[in-house]
Amino acid sequence: MSRPVVRAAIFGLAAFAVAAALRREDRKPLRTPRLPAHRRQFDNLILGAGSLLAAQVVQRQLLGPLLEADAGRCGAVRMLPASIRPVAAFLALDWAMYWWHRATHRVPLLWRLHRVHHVDLDLDMSTAIRFHALDQLVSAPTRAAMILFVGPDARAHARWNLFFFASVLFHHANVRLPRGLEERLAWVLTTPRMHGIHHMARRDATDSNWTSGLSFWDRLHGSFRMDLNDEALPIGVPGYPDQLGVAASLALPAAPSADDWSSRRSASNM
Ligand SMILES: [Zn+2]
């Protein structure tokens with residue numbers, strides 16, 4: 001099969017999977033939504049469009065040229081036998097993103113941007129794209145460094161990127177999978193229950209399940225949790241219960257420092 005046909009088939013399958021997941025979100029939700037979905041999802045889609053646009057700029061101006069120039073020729077995986085390079089590159093990129101996500105919670109400036117994603121009071125596939133556009137720009141040097149240090153070729157990077165995006169959509173979905181199936185999946189993949197704990201409105205819950213791709217990085221680093229029930233805690237960041245609109249979200253990184261993890265204000269939309 002020619003490349004365009006394969007791409008069209010992959011895109012068609014992905015669109016079908018997303019549509020099926022959206023229907024299942026309504027029929028079999030993992031958590032009961034707290035807010036009316038339409039307004040919230042509209043705001044998330046607007047923020048997501050800005051973020052994806054910023055990601056495209058980064059890809060075109062920085063990452064694409066790096067990969068095309070094969071600038072990773074001296075990267076770590078180039079020292080390995082050719083047969084295992086694609087797998088090694090996949091694992092290394094995924095592991096690096098685990099650490100980057102930890103950094104977005106630990107470094108105050110990065111957390112100011114990342115909390116725009118975390119203040120959502122419900123969690124569904126629209127949350128998966130709810131990021132501040134500056135988040136993409138600030139992470140660009142790190143992603144460029146990942147390419148230079150790891151050294152994937154363009155194809156290996158594209159494969160991991162596709163997996164990563166599909167994984168992010170999947171684990172933000174508000175879908176109730178059979179518990180046994182989910183526990184088995186969670187040995188390898190990041191699942192909706194697992195990532196739901198990362199979005200719960202308590203610091204110790206948020207400081208777990210950092211991975212966005214393969215799940216075993218959390219097991220390896222002792223940050224894996226599956227011990228909280230689906231609705232044990234609300235979703236969100238307690239200090240910012242009413243920062244969901246587009247304008248408020250874009251301004252949120254500049255909000256005065258506060259105790260993010262205590263409910264300091266009354267929620268106008270809770
Ligand atoms: Zn996070």
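What follows is a short talk on a predicted model of one protein chain with a zinc ion.

Before the details, a word on conventions: residues are numbered from 1 along each chain as its sequence is written. Since this is a predicted model, local features need pLDDT of at least 70 and side-chain atom pairs count only at pLDDT 80 or more, while totals for chains, interfaces and linings use all residues, and side-chain values use heavy atoms, with hydrogens and water left out.

Let me start with the overall fold. The chain holds 11 helices and 0 strands, where helices (H or I, at least four residues) and strands (E, at least two) are DSSP runs numbered from the N terminus. Of its 270 residues, 46% count as buried, and by buried I mean under 20% relative accessible area, with exposed being over 50% and partly exposed in between, using a 1.4 Å probe and protein chains only. The accessible surface comes to about 13,700 Å², and 67% of it belongs to carbon and sulfur atoms; these areas come from the Shrake-Rupley method with a 1.4 Å probe, and for residues only the protein chains shown count as cover. If we take contacts with a separation of 6 or more, residues 24 or more positions apart account for 75% of them, a contact being heavy atoms within 4.5 Å.

Now to the metal site. Which residues donate to the zinc ion? The protein donors are H101, H105, H114, H118 and H198, each through NE2, lying 2.2 Å from the ion. Donors here are N, O and S atoms within 2.8 Å of the metal (3.2 Å for Na, K and Ca), and because water is not among the atoms, sites may look incomplete. Along the sequence, the spacing of these donor residues reads H-x3-H-x8-H-x3-H-x79-H. The pair of H114, in helix α4 (residues 108-118), and H198, in helix α8 (residues 192-198), links distant parts of the chain, the two residues being 84 apart. Is H114 buried or exposed? At 5% relative accessibility H114 counts as buried, and H198 is buried too, with a relative accessible area of 0%.

Helix α4 deserves a moment of its own. Because 9 of its 11 residues are buried, α4 is largely enclosed by the rest of the structure. Those buried residues are L110, W111, R112, L113, H114, R115, V116, H117 and H118, and what covers them includes α3 (85-106), α5, α6 (154-172), α8, α9 and α11 (246-251).

Staying with α8, R193 also has its place in that helix, and R193 is buried, with a relative accessible area of 8%. Leaving aside neighbours within four places in sequence, R193 is in contact with L30, R176, L177, P178, R179, E182, M226 and D230.

Let me turn to helix packing, where axes are lines fitted to C-alpha atoms, for helices over the stretch in contact, and angles run from 0 to 180 degrees between N-to-C directions. Helix α2 (residues 37-68) and helix α5 (residues 133-150) pack at an angle of about 20 degrees, with their axes 9 Å apart, which makes α2 roughly parallel to α5. For orientation, angles under 35 degrees count as roughly parallel, over 145 as roughly antiparallel, 65 to 115 as roughly perpendicular, and the rest as oblique. The crossing of α2 and α5 is right-handed, a term for a near helix turned clockwise from the far one by less than a right angle, with anticlockwise giving left-handed.
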